[in-house]
Amino acid sequence: MLSFPRASFLEGYWQDSFNLKQHLQDFCNLDSQIVESQLEGSQENLAELGRQYFNWEKATEFYRDRVGEAYLFELGTWHLTSQDYIGTTLQLTADLAQGRVLDFGGGIGTHTIAAALSPKVEQVVYCDINPINCALVKYRLAAMGLTEKVQFCSEITSEEEFDLIMSFDVMEHLPDPSYQLLEFHKMLSDKGKLILNWYFFKGFNQEFPFHLDHPQAISQFYQTLQRNFLEIFHPYLITTRCYEKCNLK
């Protein structure tokens with residue numbers, strides 16, 4: 001991983017992922033051994049839920065009502081085992097975050113916390129349809145004294161305006177990611193930035209049965225992205241990309 005200067009307010013992430021394991025333990029009222037066990041089997045547990053219950057017609061219900069605490073631990077495992085990658089996305093966020101920030105599909109709140117810690121950020125809007133995710137993030141923010149800087153919602157309208165929109169590991173979970181790109185375009189301020197990544201792949205062994213992989217939808221996504229946004233270079237060796245509104249006709 002490329003070495004780079006780290007924002008001082010992100011030091012808590014590099015120490016213990018903003019105290020993630022302890023937050024999971026306290027929020028779920030579990031002892032440390034059970035937390036470790038849940039983290040260890042989390043990916044397969046969520047994949048099995050996906051194989052049994054997921055379909056695109058009821059995708060919202062799956063993420064909102066079905067995944068329960070299993071999603072907390074699957075996300076927790078990803079954040080704890082991919083510290084360098086996620087830490088680099090946090091540094092990219094720290095470089096760009098200012099004013100009003102949207103964390104769309106904010107999950108367990110790592111990027112919301114990082115943005116809220118930034119002295120240049122006035123407000124963060126955390127948007128996620130999963131009520132358990134939201135409850136955990138509220139708990140984490142309260143523990144870190146950041147509650148007043150973050151607003152919560154399960155839906156966001158294009159009448160809102162943001163100086164930075166970030167959406168990590170979300171596009172592949174949407175039935176129509178192109179539509180969401182156009183909504184982001186409406187919400188982005190004239191000089192605002194959009195930070196995105198995606199993974200349109202169900203896995204070599206179907207470990208991500210809830211990921212979009214339809215060729216036509218993926219093609220439309222890339223066409224929509226290229227017509228409406230201009231990619232901005234950043235120096236970090238990650239799959240996450242940064243964009244601004246494209247003014248070309």
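**Helix packing and nonpolar cores in a predicted model**

The model is a predicted one. Helix 10 and helix 11, by contrast in orientation, are roughly parallel to each other. The largest nonpolar core has 31 residues, and another core, of 26 residues, lies apart from it.

**Helix 6 with helix 9**

- The crossing in which helix 6 passes helix 9 is right-handed.
- On the helix 6 side, the contact is made by Gly68, Glu69, Tyr71, Leu72 and Leu75, and on the helix 9 side by Ile132, Asn133 and Leu136.
- By residue class, this contact of helix 6 with helix 9 holds 5 nonpolar, 2 polar and 1 charged.

**Helix 10 with helix 11**

- The packing angle of helix 10 and helix 11 is about 20°, with 8 Å between the axes.
- Since angles under 35 degrees count as roughly parallel, this pair is classed that way.
- Helix 10 crosses helix 11 with right-handed geometry.
- Pro177, Ser178, Leu181, Leu182 and His185 of helix 10 meet Ala217, Gln220, Phe221, Thr224, Leu225 and Asn228 of helix 11.
- The residues of this contact divide into 6 nonpolar and 5 polar, with no charged residue.

**Buried residues of helix 10**

- Helix 10 covers residues 177–187, and its buried residues are Pro177, Ser178, Gln180, Leu181, Glu183, Phe184 and Met187.
- These buried residues pack against strand 1 (99–104), strand 4, strand 5 (188–196), helix 11 (215–228) and strand 6 (229–232).

**Nonpolar cores**

- In soluble globular proteins, nonpolar side chains tend to be buried together.
- In the largest core, the residues with the most contacts inside it are Leu10, Phe18, Leu90, Val101 and Val124.
- At least two residues of this core come from each of helix 1 (11–16), helix 7 (83–96), helix 8 (110–117), strand 2 (121–127), helix 9 and strand 4 (162–167).
- Helix 7 gives the largest share of this core, 5 residues.
- Beyond its neighbours within four places in sequence, leucine 10 is in contact with Phe18, Leu90, Gln91, Ala94 and Ala114.
- The other core, of 26 residues, includes Phe104, Leu181, Leu194 and Ala217.

**The loop between helix 1 and helix 2**

- Phenylalanine 18 is in the loop between helix 1 and helix 2 (20–28).
- Its relative accessibility is 3%, so phenylalanine 18 counts as buried.
- The phi of phenylalanine 18 is near 55°, a positive value in a residue other than glycine.
- Asparagine 19 is also placed in the loop between helix 1 and helix 2, and its phi, near 60°, is likewise positive in a residue other than glycine.
- At 32% relative accessibility, asparagine 19 counts as partly exposed.

**Valine 125**

- Valine 125 is part of strand 2, and with 1% relative accessibility it counts as buried.
- Leaving aside neighbours within four places in sequence, valine 125 is in contact with Arg100, Val101, Leu102, Asp103, Gln151, Cys153, Ile156 and Phe162.
- From valine 125 to glutamine 180 the separation is 55 residues in sequence and 16 Å in space, C-alpha to C-alpha.

Conventions. Residues are numbered from 1 along each chain as its sequence is written. This is a predicted model: local features need pLDDT of at least 70, side-chain atom pairs count only at pLDDT 80 or more; totals for chains, interfaces and linings use all residues. Side-chain values use heavy atoms; hydrogens and water are left out. A crossing is left-handed if the near helix is turned anticlockwise from the far one by less than a right angle, and right-handed if clockwise. Helices (H or I, at least four residues) and strands (E, at least two) are DSSP runs, numbered from the N terminus. Contact means heavy atoms within 4.5 Å. Ala, Val, Leu, Ile, Met, Phe, Trp, Tyr, Cys and Pro count as nonpolar, Asp, Glu, Lys and Arg as charged, and the others, Gly among them, as polar. A nonpolar core is a set of buried Ala, Val, Leu, Ile, Met, Phe, Trp, Tyr and Cys residues joined through side-chain atoms within 4.5 Å. Buried means under 20% relative accessible area, exposed over 50%, partly exposed in between (1.4 Å probe, protein chains only). Axes are lines fitted to C-alpha atoms, for helices over the stretch in contact, and angles run from 0 to 180 degrees between N-to-C directions. Angles under 35 degrees count as roughly parallel, over 145 as roughly antiparallel, 65 to 115 as roughly perpendicular and the rest as oblique.
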